[in-house]
Amino acid sequence: MQPGRSQGCVWPQVVGLKRRHWFRSAAFRPQSHAGGCHNSNPCLVPDPPLRRERRAPRIPRIVSFAALFLLAWLLSSAVSRAATFTATFQRNPITMGESGVLVLQFEGGEPAQPPGVPPVAGLTVGFTGRAQQLEFFNGVQRQRTAFNYLLSPSRPGDYQLPAIQATVNGQALAAQPPPLKVLPATASPAQDALRQAAFVHFPQPKREVYVGEKFVVQYELHSQFNASGNAPRIESEGFLFGPLIEADKRPVSVNGVMIQRYTYQLTAMATRAGDLVIGPASTKLVLQIPTSRRDIFGFSTTRQQPVDLASELHLIKVLPLPQENVPADFAGAVGSFHQFTVEAGPTNVAVGDPITLRVRIAGRGALDAVKLDAPAQWREFKAYPPSVTLTNLDQLGLQAVKTIEQVIVPENTDVKALPALAFSFFDPEARAYRTLTQPPIPLTVRPGAAAPAVPTIVASTNQNNAAPQQQRDIIHIKPRPGTLAAVTTPWMLRPGFWLLNLIPVVAWLGALLWRKNADNLANNPRLHRRREVERLVREGLNELRQQAAANDGAEFFATAFRLLQEQLGERLDLPAAAITEAVIDERLRPAGMDDALLAELHALFQACNQARYAPQFAAGELTTLADRLESALRAAGAWEGKR
Amino acid sequence: MKAVVQRLVAAFGPLLVGPVALRLLPGLTLCLWLGVSFPASAADVSTDFDAANKLYEQGKFTEAAAAYQKLLTENGASAELHFNLGNAHFKAGQLGRAILHYRAAERLAPRDPDIQANLRFARDSAGSGAPSQRWWSTWLGRLSLNEWAWLVTLSLWAWLALVIAGLARPDKKPALRGAIKAAGAVFVALGVACAVTVKERFGEKPAVVVVPEAVARFGPLEESESHFNLRDGAEVVIRDAKDGWWQIVDAQGRAGWVKEGQLVIIR
């Protein structure tokens, strides 16, 4: 601090501040100083520490918050945009004989190809599929992609997979799966239950099946405690599953611990060939786990523990049906069918009388898709749609009997027997096609005496879909093709349609304009008179020409006089009959008409008057007068004088 | 402004309803009616049609279907042709294609009881019921799109003819007022019905599954998990398309992605 200029006062001189920035501050206080300081000129002494204060522009608070929020969002987006890669097992440990599922999960991006899993001795790895999940969290979309691999160990032990590499959006990522523990096969599911409160055990079903072959899938739900929830469900791509049944429910004892075991069964059928993964069977349960606490009545209490359970996955080899030695009538039936019987009755009929054909097929396999097409192709019979019943002989629907009843009608007396029927199927047990046949059934067909009573196929005529009569077949084809239209564009999309509908609109607009015009004329008599006079003058001049040519002076001057009266009367808004030569001086001259035109009009009027008394005309005089009259009338018609 | 309108009226009014326009009008109208109402080509295809029918009667349903399809491609469509083609596909066991052609036939002849009966039968055979419809859709569907167009055109002409008559004869206008209002209301109602029909026809893309089994997945990828299966003949509505996949909604409201070749759009 250096002494200021005023004597006796210590002027503050803040280092770095110019004098013009000096201002009073709370940091300063006046100090009375002997001999020099006055109220009018207070001496200010800064209180230490001295603060440098600047007048800075104020940023609105809301803008600051918005900037902070934007920055935070950008950062979070940047973080979220960075891809992540993790490798985990669905179940760990697993038991020998089971397969483990390695899940490689990507977030924020995914590789173009499924990552390769490095080989590990004793472990067979197979890629099973890819799943994708989209999430929205705090306005940010997150995409997770999971690549699943099935790992089948050849021996118990610990398997350590090396780090798995992947490239995502040009970024090299790596994930280290945890060690996979494979327990010996002697480790029973029951022992697992001691470690886990509940689990689902899915033993390996058939390892090889054929496409279309029905087989039984069974899995068990074990629970140490009471549980509530749904039975485990199984869904796998490439398989169709039948209804689920609870085949068994019993407590089992494992090392003195009672465990409830539920056994579920259902049928499965592969729809395509290849190595397919079946499973897992999964469910969500709520376990009622006893606690050590007791309620007020002394009963033990339980706590609810929700659990997600999933069983093992298994690989099944689905074989395609052999392409060799396929019977001609094979329609896709796969199974083991031991019964194929055919009955028909009555066998002594007239032409046109119905015969009921009854076919029974029984066995193990997919009978629901089995059809009997042969009768529809018998040329001498008319076949009606069959009625089919399927009776399951077991809960799973694996063993069943299919009964097909069909009405056929012989159409002529040449029919001697029902043709032989055959049913071909593929037997997966024998791995071969088999055909069951029935011999022809002899018939006696008499000539028909009356019109055959054939079932009527009636089409519903009620647009309201009232219950139609029982229709047993489609209605027969139409005999005529109708009018074929090459252009199938609906009319309303064609330009012609819109043009067609534009015509009445244009006509309406024209009529509207015409109506307006007519109304204008009706409301404007002067305009109406003007147009009328124009027409009269136009027609009158034509008459004049004709009269001049005919040298008909009397008519000529009468017409000329009339035209002058009409034109001048219209211009002066006076009745035509009131127009005489005097009007020229009385009305037209004061209204400012041109002198030359006035003189011409005078001359024309005088010519008309003179013609009354001295009707003598030279050759061509009338024509000349007609020209003069026309000019004068046009000039008068164009004249817009003062009214 | 009024003077300008008056001059326009004086200049163009007579032209629109004058002698020239009146002479031209009938010819122009006739040309447009012909152009709109008659098909571009009405081929005589009886021989080919009979040959296809013969194949059908012989039980050669696949060959008959091919013959009908050839007629359809080369000569155009009719309700009868679609109906017979649907029958041939039905007999050949192709329920999806049968339903496809029955629905195409229904669009051309919505009141034909044979078509409705066979469509119902095919749907029952496929195990799929008719897609759910709003009550007005059923009512509006009783007429084809062209029939609606006809009705709208006729009502417009009738209404404007009455209006023009009222303009031409103002003394008769009070007597015509009721008829003009009624005709206008009819035109508006028919126009709205026609617009709704057009919106329903072109707003949605109905399609039919034509393969024995189509798998609907959660996403448009082979690797996506399967969601549900659709059998041959299942009727769906297409909502979106991507990379050879269509997003569909089935009769139960379930949405999924199906490969293009497994469906055919009903046109």
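In the predicted model, A:Glu534 is partly exposed, with a relative accessibility of 41%. Its side chain forms a salt bridge with A:Arg530, in which the closest N and O atoms are 3.6 Å apart. A:Arg530 is likewise partly exposed, at 25% relative accessible area.

The side chains of A:Arg535 and A:Glu539 meet in a salt bridge with an N to O distance of 3.0 Å. A:Arg535 is partly exposed at 31% relative accessibility, and A:Glu539 is partly exposed at 38%. Salt bridges with shared partners link A:Arg530, A:Glu534, A:Glu570, A:Arg571 and A:Glu640 into one network.

A further salt bridge, at 3.7 Å from N to O, pairs A:Arg358 with A:Glu343. A:Arg358 belongs to strand S26 (residues 355-365) and A:Glu343 to strand S24 (residues 335-345) of chain A, so this pair ties together parts that are 15 residues apart in sequence. Over all chains, the whole structure contains 35 salt bridges.

No disulfides are found in any chain. Among the cysteines, A:Cys608 is buried at 5% relative accessibility, and B:Cys194 is buried at 7%.

Chain B comprises ten helices and seven strands. Of its 267 residues, 41% are buried. The accessible surface of chain B amounts to about 14,000 Å², with 61% belonging to carbon and sulfur atoms. Among contacts in chain B between residues at least 6 apart in sequence, 55% connect residues at least 24 apart.

Note on methods:
Residues numbered from 1 in each chain as written. Chains lettered and ligands numbered in written order. Predicted model: local features only at pLDDT ≥ 70, side-chain atom pairs only at ≥ 80, totals over all residues. Heavy atoms only, no water. Disulfide = S-S within 2.5 Å. Buried < 20%, exposed > 50% of the residue type's maximum accessible area, 1.4 Å probe, protein only. Helix = DSSP H or I, 4+ residues; strand = E, 2+ residues; numbered from the N terminus. Contact = heavy atoms within 4.5 Å. Areas by Shrake-Rupley, 256 points an atom, 1.4 Å probe, with all protein chains shown as cover. Salt bridge = Lys/Arg side-chain N within 4 Å of Asp/Glu carboxyl O.
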